[in-house]
Amino acid sequence: MDLAARDLELFMNGHKYKVGEMVEFHPGGSYLAKTRGQYEVLRLLPAEGDGYQYRVKNLTDGHERIVHEGQID
């Protein structure tokens, strides 16, 4: 395994959700309530602040956003 592949594997092991997985987004703070709903995980992103981040896509309107792991389940 080359260094880049090893780094990617280590990076991905800490995430709770996987690419392609369906999750429920629970917005808080400055997010509008209408953004709540079913999303597909598109990409795993590095940790920032309290935890890992994800790029997700809304299954209804196709809108993509970056969310923290604590905002989805």
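User: Before we start, how is a salt bridge defined here?

Analyst: A salt bridge is a side-chain nitrogen of Lys or Arg within 4 Å of a carboxyl oxygen of Asp or Glu. Keep in mind that this is a predicted model, where local features need pLDDT of at least 70, side-chain atom pairs count only at pLDDT 80 or more, and totals for chains, interfaces and linings use all residues. Residues are numbered from 1 along each chain as its sequence is written, and side-chain values use heavy atoms, with hydrogens and water left out.

User: OK, which residue does R55 meet in a salt bridge?

Analyst: The structure holds 1 salt bridge. R55 is one end of it, with 2.8 Å from N to O, and the other end is E64.

User: Is R55 buried, partly exposed or exposed?

Analyst: Buried means under 20% relative accessible area, exposed over 50%, and partly exposed in between (1.4 Å probe, protein chains only). R55 comes out at 26%, so the label is partly exposed. E64, with 32%, is likewise partly exposed.

User: How many bridges join β2 to β3?

Analyst: Strands here are DSSP runs (E, at least two residues; helices are H or I, at least four), numbered from the N terminus, and two strands pair if DSSP finds at least two bridges between them. β2 covers residues 37-48 and β3 covers 51-58, running antiparallel. R43 stands opposite R55 of β3. The number of bridges joining β2 to β3 is 7.

User: And which residue has a positive phi in the turn between β3 and β4?

Analyst: β3 and β4 (residues 64-68) run antiparallel, joined by 5 bridges. K57 has E64 of β4 as its bridge partner. The hairpin leaves 5 residues between the strands, and the one with a positive phi of about 80 degrees is G62.

User: Last one: which backbone oxygen does the Q53 side chain reach?

Analyst: Q53 lies in β3 and counts as buried because its relative accessible area is 11%. Beyond its neighbours within four places in sequence, Q53 is in contact (heavy atoms within 4.5 Å) with residues including H15, L44 and H68. At 3.3 Å, its side chain reaches the backbone oxygen of P46.

Notes
A polar contact is a pair of N or O atoms within 3.5 Å; within protein, one must be able to donate a hydrogen and the other to accept it, and residues adjacent in sequence count only if both atoms are side-chain atoms.
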